[in-house]
Amino acid sequence: MFDTLTIIKALSDENRLRLLMALRGKELCVCTLTELLDLAASTTSKHLSILKQARLIESVKDGKFVYYRLTQKDSPSYPLVAPALDWLETALANSPQVQTDAAMLNEIIEKSEEARPEYANASACHKLYRHVPGIHAIGDFGDDGVAKRKPPRQVRGA
């Protein structure tokens, strides 16, 4: 029962749902997820911690960088979380927010690779993501301009 309640609590926040949907098919670093959600890094890390505690995601350390991904099929906790992840995929796949996030995520990744081509093959935060073998990448929603980045947050006193 504890595991079920932990999963339900983890799914009770919109930002955590957005994180789970963004992680479909990719491993993403915290910096990418933070930019996607437009939250403070500490807030994003807290959300990731809650998802990891519920075993909905896993982390992979690569040097000094940590990448997050959905729990894989070979994980001992997969049978417990698979129904929740499948339900989430079905329920939110056509959500306008999820589609906007997918387009924004593609923009973030493209922008980073264009700005830092020397890191194109690097396995570091500048790479921002790693493709998870055997899983399709997040749907490409094209360059139709649907996703517009929110303007940067205003810093008080600036």
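Helix α2 (residues 14-22) packs against helix α5 (residues 78-92) in this predicted model, with an angle of about 95° and axes 11 Å apart. That angle makes α2 roughly perpendicular to α5, because angles of 65 to 115 degrees fall in that class.

Which residues in α2 and α5 meet? From α2 come L17, L20 and M21, and from α5 come L85, L88, E89 and L92. The residues of this contact divide into six nonpolar, one charged and no polar.

Let's turn to helix α6 (residues 96-115), where D101 lies. Is D101 buried or exposed? With a relative accessible area of 4%, D101 is buried, since the cut-off for that word is under 20%. Leaving aside residues up to four places away in sequence, D101 touches R18 and L36. The side chains of D101 and R18 are also joined by a polar contact of 2.7 Å.

Now for the strands. In β1 (residues 26-29), both faces are covered: K26 and L28 are buried on one side, and E27 and C29 are buried on the other. How is β1 joined to strand β3 (residues 65-70)? Two bridges link them, and the two strands run antiparallel.

| Element | Residues |
|---|---|
| Helix α2 | residues 14-22 |
| Helix α5 | residues 78-92 |
| Helix α6 | residues 96-115 |
| Strand β3 | residues 65-70 |

Definitions and conventions. Residues are numbered from 1 along each chain as its sequence is written. This is a predicted model: local features need pLDDT of at least 70, side-chain atom pairs count only at pLDDT 80 or more; totals for chains, interfaces and linings use all residues. Side-chain values use heavy atoms; hydrogens and water are left out. Axes are lines fitted to C-alpha atoms, for helices over the stretch in contact, and angles run from 0 to 180 degrees between N-to-C directions. Helices (H or I, at least four residues) and strands (E, at least two) are DSSP runs, numbered from the N terminus. Angles under 35 degrees count as roughly parallel, over 145 as roughly antiparallel, 65 to 115 as roughly perpendicular and the rest as oblique. Contact means heavy atoms within 4.5 Å. Ala, Val, Leu, Ile, Met, Phe, Trp, Tyr, Cys and Pro count as nonpolar, Asp, Glu, Lys and Arg as charged, and the others, Gly among them, as polar. Buried means under 20% relative accessible area, exposed over 50%, partly exposed in between (1.4 Å probe, protein chains only). A polar contact is a pair of N or O atoms within 3.5 Å; within protein, one must be able to donate a hydrogen and the other to accept it, and residues adjacent in sequence count only if both atoms are side-chain atoms. Two strands pair if DSSP finds at least two bridges between them.
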